[in-house]
Amino acid sequence: MIETRHLTKRYGAHRAVDDLTIQVTPGHVTGFLGPNGAGKSTTMRAILGLDRPTSGEALVNGRRYAGYRRPLHEVGALLDAGAAHGGRRARDHLRVLARSNGIGDRRVDEVLELVGLAGAARRRVGVLSLGMRQRLGVAAALLGDPGVLLFDEPVNGLDPEGIRWIRHLMRDLAGEGRTVLVSSHLMSEMALTADRVIVIGRGRLVLEASVRELRARFREDVLVRSPERAELAAVLGAAGASVTTEDGALLVRGLEPAEIADLAARRQLPVHELTPRSASLEDAYLRLTEDSVEYRAKETAR
Ligand SMILES: Nc1ncnc2c1ncn2[C@@H]1O[C@H](COP(=O)(O)OP(=O)(O)OP(=O)(O)O)[C@@H](O)[C@H]1O
């Protein structure tokens, strides 16, 4: 479990994180979303004790990161794939980290195997591809078998196979009951990976919701097909819905799919299709954060 309470981080007069209170619970992948400069990395750094909050606090399992003697057992993080020393061999990089937390070499070999790097254990970090370095970062995060994991933009620069691997890994880790927080500025990516999202803008909380709630909130209409189209349209209209037709289908606003199905069933009107249609999550996200984009290109007049 990760919590921030009234977390504020100021750089000079600029509030990178502004009175942010969030809870990230175990058992699912939580997407941490916001435009560039929204404060995602700063929040993650505060959680990991790398940045000292100006006020408020960030806790992992009820304690500050600095309060843990062997923090790798509590929380693992993938922040910056370039962080490892380039001249060091992959396995040695992990061994140094492991030792500082009382973790033995056997676990090092286990995590190398787990991330598919066993064959590259003796290669120097500097010659590893970006994808392999990302895997090495994940191996480091998993060393202490922690219950809490943070990934900062983990798919950046990865090829499709690498992206699929990391998505599966995050879901598996959450499935094991761990707390998984993953930052991204792409809602489309999070729609595939996350169960819940926390959206921030200009350091402030914009929205905390499940992906399912988000889709429902941005529901546009329900597409309904029925051989008794006219009669069904009249029934739905009488129940307060606004109904239009398109391509032989009814487009219904103002009623939930279950209400539409119940009304049709009561009149014994057959329904061949009932499809709730939402604005794309990407559109929903853009609408949510449009006031908090730090730098925006000016619209060019044509
Ligand atoms: N060390 C620093 N000194 C001064 N300003 C900083 C520092 N670190 C971050 N900031 C500023 O704080 C704000 C939040 O930055 P942060 O990196 O947390 O955002 P982010 O959401 O992770 O963005 P991105 O998606 O671009 O990584 C930005 O305006 C950034 O310029």
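Residues are numbered from 1 along each chain, in the order in which its sequence is written. Because the model is predicted, local features are reported at pLDDT of at least 70 and side-chain atom pairs count only at pLDDT 80 or more, whereas totals for chains, interfaces and linings use all residues. The mean pLDDT of the chain (the predictor's confidence in each residue, from 0 to 100) is 90, with 95% of the residues reaching 70 or more, and the model scores are ipTM 0.95 and pTM 0.82.

The chain is divided into domain 1 (2-210) and domain 2 (219-278), with bounds that come from an automatic or database domain assignment. The centres of domain 1 and domain 2, taken over C-alpha atoms, are separated by 45 Å.

Helices (H or I, at least four residues) and strands (E, at least two) are DSSP runs numbered from the N terminus, and two strands pair if DSSP finds at least two bridges between them. Strand 1 (residues 2-11) is joined to strand 4 (residues 55-60) by five bridges in an antiparallel arrangement, in which Thr 8 has Ser 55 as its bridge partner. Strand 1 also pairs with strand 2 (residues 14-24), in the antiparallel sense and over seven bridges, and Glu 3 stands opposite Gln 23 of strand 2. These two strands form a hairpin with two residues between them, and Gly 12 in the turn has a positive phi of about 60°.

An open sheet is formed by four strands in the order 11-12-10-13, with antiparallel pairing. Strand 11 (242-246) and strand 13 (273-278) stand at the edges with a single partner strand each, so one side of each is left without a neighbour in the sheet. Within this sheet, strand 10 (residues 219-225) and strand 12 (residues 249-253) pair over three antiparallel bridges, and Val 222 has Val 252 of strand 12 as its bridge partner. Helix 8 (residues 229-238) packs on the sheet, touching strands 10, 11 and 12, and its direction makes about 5° with that of strand 12; contact requires C-beta atoms, placed from the backbone, to lie within 7 Å, and angles run from 0 to 180 degrees between the N-to-C directions of axes, which are lines fitted to C-alpha atoms, for helices over the stretch in contact. Helix 9 (residues 257-266) also packs on the sheet, touching strands 10, 12 and 13, at about 160° to the direction of strand 13.

Of the twelve residues around the ligand (C-beta atom, placed from the backbone, within 6 Å), Tyr 11, Ala 16, Asn 36, Ser 41 and Thr 42 come nearest. Helix 1 (residues 40-47) contributes the largest share of this shell, three residues.

Notes: Contact = placed C-beta atoms within 7 Å.
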